[in-house]
Structures are given as structure tokens and as C-alpha cells.
Number of protein chains: 2
Amino acid sequence: MDNFTFYAPTYFVFGKATENETGKYVKRFGGSKVLIHYGGGSVVRTGLLDRVKKSLEAENLGYVELGGVRPNPRSGLVYEGIRLCRKEKVDFILAVGGGSTIDSAKAIAAGVPYDGDFWDYYQGRVVEEALPLGTVITISAAGSEGSADSVITKEEGMYKRGATGEALRPKFTIMNPALTQTLPPYQTACGITDILAHLYERYLTNTKDVECTDRMIEGLMLTMLHEGPRVMENPDNYEARANIMWAGMMAHNNSCGVGRSQDWTSHDIEHELSAMYDCAHGAGLAVVMPAVFTYNLKHDVLRLAQLAVRVWGCQMDFGNPERTAKEGIEALRRFLISIGMPKNFGELGAQEKDIEKMAHSCCYGDGRTGTTGGYVSLNQQDVENIYRLML
Amino acid sequence: MDNFTFYAPTYFVFGKATENETGKYVKRFGGSKVLIHYGGGSVVRTGLLDRVKKSLEAENLGYVELGGVRPNPRSGLVYEGIRLCRKEKVDFILAVGGGSTIDSAKAIAAGVPYDGDFWDYYQGRVVEEALPLGTVITISAAGSEGSADSVITKEEGMYKRGATGEALRPKFTIMNPALTQTLPPYQTACGITDILAHLYERYLTNTKDVECTDRMIEGLMLTMLHEGPRVMENPDNYEARANIMWAGMMAHNNSCGVGRSQDWTSHDIEHELSAMYDCAHGAGLAVVMPAVFTYNLKHDVLRLAQLAVRVWGCQMDFGNPERTAKEGIEALRRFLISIGMPKNFGELGAQEKDIEKMAHSCCYGDGRTGTTGGYVSLNQQDVENIYRLML
């Protein structure tokens, strides 16, 4: 196991009606003037935004609003948020929504006290200072509610890139699984896929002897395999929603990823798809993951065989472990299809003619130096080959 | 799943030679005058204490020392520590040692700013204020390095009781698995047993539909089953030590215990044994656990059968799930014996004649009202019956 530090000081408030306590926690963590950041209609339509505002008012907290965050959140709104916060002397950012809203809020939080262009952070500069941030989550997916990460798309060039830094961890996160019951099934399934991807990206490691984090990841994957179909069958199943919500946070707060190299190839390759076609991140991952795992299969056959046996319930073929490893990938593919995810370029709305462009952007775009992948180093030709597996 | 809050803001510094950074983290978390609290010879003999002092000196931090913590730490030393801290105007407590040292340090940290008797906290008062505390751990066992809990034995009456409160979570914890390589095998095995107990105590729940935390617990148990024997075979196995160390922390920081009722019967029943005979807590648990689980077996046969199948690799007997559940308990018993733990009263040094007294203390001692157990409510007669199963 590699040396590491781990620090996850987010206060989680989990359960029914917890959004009504938002104001209390903003106050506890030092906020007095709040930016409420959100997306579009659903938080308004369901009355969630009103309940959150009421809880702020009950604590005599001032606030301004900035809605309009869209999936694959854009740099333009981040700049607008930074300007607004400076003008209104905002001292606390509150994200009400899903991963896109939280990521946009994190970018604003980092940008407000920073003299330079916030995009510097999305080109590798570590975020060491940010306004305090709280979240009220409305979908189990990104894990951004407990993570130190944010992903933003820069409109100029359509680069989708990530930033990281302990200062980006939310001070608190309100998690009411009931808020996710109104999600369309497709979005629920995208969230399940994203959570599985966060687990796969950590599972694919070159660090030896990481049984503890392996077992934690496997446990969280098994949770998704058990609870995912339950919630697809019955969207009102609070208990299944609750299990998925906690698993989604645990999958990405990195307690199951410490001390080991990680992959993030599938995310990098997917980001090009969602930047290019504006498809849902989870849907993109559903198409990308089986292709990446198949392409990298021979790098460590026994690791994928272990996953196939322990998580997907495959029989180990001791004479031919590669067969078992492949069986595990097929089981993942079938699972994703069963919850309604797309299985190829066509279903995603992607086009073969763009492959070269995306592969180039993935390996060279916005300052990159020719490769991607933490598990297997891949060049542009490899990435093109992987995209072709998705046709 | 029940509503809950979860907040674990401990900064973990994990890996080789990390003890040399102790001073840096004391400073980061606001300490200027430190109480170094430790046990006996080993931290002196191995040079650890010197390395820690050197790291404090490098940051120009003042310190005083209080050694002499013993297993099953006592209230007497806590009172001494509180007096010393007040006299020396200590503003940070540093525990260098195992669970006993950390628990004693927590009691001192809570006691210093408190006007009343610190023992109030061990009779149910929640700790809401304490001096900041850091730890350098030397054994994987108690999980106190990441928990909000502390257990102390009151010399008057020999009551062993626990306190809790978010203020007790360490600000930072230094985790160098190499420091545990010099432990005697018996102590290593006691630690493994304690970690397993923390997982069982959370697994035995009356809350339905807790797949996520079930799976996390199972994953951590499987880690112990895999890594425990490796470290017993080769005490110098750093990798196995590292996996056990992270599992021990995760087992008890409660991320795998949220939103569900927990048990803690085995701990309550064991505490009487270690208070009476001063045996090692882990050794006591090894004798207690199979007895408690057997006694409570019929309360929820399928829960124990699930554990037997998923963790102990038993075949499910669908015609007779009770047989499977029992098989799981037997597998636990065999595992504990295999790592050198005692299996009955005699091997523990306990005596049948004390059973009534211990059962009475467990149910009525120090303000208790006649029952124990979070999973099955047990009266004095039940507890006596359980002790008799250990003969």
C-alpha cells in the first residue's frame, strides 16, 4: 500500500426531510450571505428550493440565487457566479442539485478568492483555498457531495476537465433519499452507472496487496447490483434509494481508494463524448467502460477475474482466467443494458467520424502531453481503438 | 435506513515514517503546548517516543509527558492528566500508543475544560467540548484513532464504561503500519479480534434494508479473514499490517454503521471480564462473541445465515438456515482459535463463581437499569446464561 493522507471533514445529514435543516448547517459552518446555486426546473417544481430558502430565512441568513446549471456544467456560468459572489459579498456557496450543480458551485467557490483565472485549477493547479460550500443533493451519482473534486467544461474548445483540492470538500451535505424519488428512470440509471464507474476506476490499480480497499469497493459494487434493480423496478423504494445514496458517497469520498494507484481512463474517454455530444455522463460511461476494460484486459487478467468472481458471481475458470475476466465484463454490460443504459455509439448519438478528433483531444487537448490512463498508459491510437470498440 | 448524521473530520496520515510528521500536524491543528500521553516500555524502547518528541521540537512546540497508561485504562491516571494539563496550560493532547492510551487521552481531553467530574461523560453525558487531540497509533485494534468513543475503568467499583461525543474525534492520526511489526503475536491477535468485534456489533441490527452498510461490514470482515492469518504467519508483513490498520479504522469510524441499530452486547459483557480479571479486551471478546451469538441466534436466523454465507463461505442450507447460521459461528470460533485466542473461561483466567457478580454489574452497575444489549434486550439471567456458555 502506498503512503497517503485522507481527510474528509464533511458533515453528512442523512434522511427524510433533512433539507429543512439546511439553514442551521450554513450557520454552523460560518455562512451569513449565501449564493444558492441550482439547475433548472425540478428543484423549483418540487418545492425544494422554497423549502431550502425558508430554512435560510429561519436562521436570518441573506442569499442571492444563480440558477441555470446544466448537465456537463460550463465555464460561462462559473465566471458569472464568481462575479456575482464578489459583487454581493457572498461568504458561503450552497449547491442544490446533482453533481453538475455541485461541481459548478465548487468552481465558483474556488474562483472567488483566487486572483487568476479559475480554469487554472482545471489544468492541474491544486485548490488550496475556496469559499465554504454546502450541498443539498437531488441525485445519487457523482459523489461530488463528499469529494474533493469538480469537473467543468470550458466552452472555448469544449474541454471537459477536472480540478481537485481538499478545500473543495463540502462543509456539509444534506442527503434526503426521498428527493431522488422523482427522478426519471434514465437519470436514476445514469447515476447508478456513474457510481459503478467510480468504483471500477479505483479497482483498476497497479498497486499490489490492497485487499482492504478491494473488499470495500467490492462491497459497494455488490450494493449497487442489489439495490439498482430494486429502484429501477420501483422508483418510490426509499430504502433502496437510501442504500444507493450512501454507497454513492462512499464510492467517491476516496476512503476505498486510498493508498493505491487509480485508473480514470473511462472518465477521460467519456468526457470527450459528453463534451462533444452533450450526452449524460453516466450514459457515456455505460458505453465506454466495457470497451476500456476489454482493451486493457490483458494488462492484469487476474484482477479482472477476481472482480468477476467476487462481484459478478462468475465461476473462476482456473484453466483460463481470461475467460472469467471477460465474463465479468459481459456481466457488467448486461447489467447496464438491463437498467436502460445505451450500449454503443449509435444509441448514445455519437458518430464514427468524430473518433479521431475526440482521441486527439483526450490525449493532447488543453495542455495534455500525449497519453491518458492511470492503469495502462494509452496513446491516441489506443484511444481511437477503444472508441471503435463502441461502434 | 434510519436518519443519521455522520461527521468524521480526522486527518489521517498513513504510511512509513509518518510519525516524524507529528509535530507538523500538532501545529496545523492549533497546538502549542502538548501533553504526550503514553503507556509503558515499548514506545520508549523502540525509540518512537524520541522520534515524536524530536518532531515536536522541530516545530518549536512545548510539551509535558504523562506515561503509565495500562491496558483497561483507569480513572486515576485520567484525574492526574487533567490536573497536569490545567497546571501546565496544555492546549493539545497527543496519544502515542494503542486504544488504551488514546481512550485515556480522550478522557483527559474531555475533562480539562469541564467543571464537573469527567466520569459524568462515562455515565451518559455527551462530550461536546474537549481539548484537541492527536494520535500516533502502535496497534490496529480499538479504532479509537478515528472514533468518537472512549472506554475507561473507574477504580472505585471497577466499572468499565464508555463515553461518546464528536468532540472526541482526533484532529489527526498518524498511522504507520511498520510500528505494529514489533507487537507480540498475542497482542496482534487481540487486535484482529477487536476489529472483528466492532464489525459484528454493527452487523447485528434490527434495522431492515441496510444492504450498503452490510456489504461494507462484510468487506472489512473478509479483509480481516484474509490478512489476519498472513500477519500471524509473518509479523513483518508490512502490506498485511497496512490492510489491517486501515480496516481497523474503517471498522470503527462508523461509516459502516450509520442509519442502523447496533448491538454492543459482546462489548458490555466483555467489559465485566476485563474489569474483573484485567484480561486483554480482545481475548475477552474472543470468548464472549461465540457465546453471545449462539444465545441470540434465534432472534434473526437469516441475518446470521447471511453472514455465514457471505463472509465465512458456508453453504446455505435452505431447508435449515439455522444450521448455516450456527456453522458461521463455529467458523468464527475456529478462526479465533487459529490465531491464538482463548476459547473459554478457563483459558481466559475467569471463574464460574464470579458469574453472578459480573452479570449483575453488567445489568445494574453504575446507574444501569436492569438490561443490556442493542440487538436483543438481555436481563441479568440472560447474561448469566451467556457467561455459562463460556465455561
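**Notes on the A–B contact and some salt bridges**

1. Let's start inside chain A: A:Glu227 is buried, and its relative accessible area comes out at 0%. Keep in mind that this is a predicted model. The side chain of A:Glu227 forms a salt bridge with that of A:Arg230, at 2.9 Å from N to O. The two residues sit three apart in helix α7 of chain A, so about one helical turn separates them. A:Arg230 has 23% relative accessibility and therefore counts as partly exposed.

2. Now for where the chains meet. The contact draws on 42 residues from chain A and 42 residues from chain B. About 3600 Å² is buried between chain A and chain B, with 60% of that coming from carbon and sulfur atoms. Which residues of chain A lose the most area to chain B? They are A:Met1, A:Tyr7 and A:Trp246, which together account for 17% of what that side buries.

3. What about polar links across the interface? The rule finds 18 residue pairs in polar contact between chain A and chain B, both residues being at pLDDT 80 or more. On the chain A side, β1 (4-6), β2 (11-14), α7 (211-233) and α8 (238-252) each supply at least two of the residues that touch chain B. The largest share, twelve residues, comes from α7(A). Sorted by type, the chain A side has 23 nonpolar, eleven polar and eight charged residues.

4. Salt bridges cross the interface too: the rule finds two between chain A and chain B. One salt bridge to look at joins the side chains of A:Asp209 and B:Arg230, at 2.9 Å from N to O.

5. Strands also pair up between the chains. β1(A) is joined by three bridges to strand β2 (residues 11-14) of chain B, and the two run antiparallel. In this pairing, A:Phe4 stands opposite B:Phe14 in β2(B).

6. Over all chains, a search of the whole structure finds 54 salt bridges. One of the pairs in chain A is A:Glu166 with A:Arg169, whose side chains meet at 3.0 Å, N to O. A:Glu166 counts as partly exposed at 40% relative accessibility, while A:Arg169 counts as buried at 7%. There is a network as well, linking A:Glu211, A:Arg215, A:Glu218 and A:Arg310 through salt bridges.

7. Finally, a pair in chain B: the side chains of B:Glu272 and B:Arg161 meet in a salt bridge at 3.6 Å, N to O. B:Glu272 lies in helix α9 (residues 265-277) and B:Arg161 in strand β8 (residues 159-164), so this pair ties together parts 111 residues apart in sequence. Are these two buried or exposed? Both B:Glu272 and B:Arg161 are buried.

Definitions and conventions:
Residues numbered from 1 in each chain as written. Chains lettered and ligands numbered in written order. Predicted model: local features only at pLDDT ≥ 70, side-chain atom pairs only at ≥ 80, totals over all residues. Heavy atoms only, no water. Contact = heavy atoms within 4.5 Å. Buried area = accessible area lost by both parts, 1.4 Å probe. Salt bridge = Lys/Arg side-chain N within 4 Å of Asp/Glu carboxyl O. Polar contact = N/O pair within 3.5 Å; in protein donor to acceptor, adjacent residues only side chain to side chain. Helix = DSSP H or I, 4+ residues; strand = E, 2+ residues; numbered from the N terminus. Nonpolar A, V, L, I, M, F, W, Y, C, P; charged D, E, K, R; others polar. Pairing = 2+ DSSP bridges. Buried < 20%, exposed > 50% of the residue type's maximum accessible area, 1.4 Å probe, protein only.
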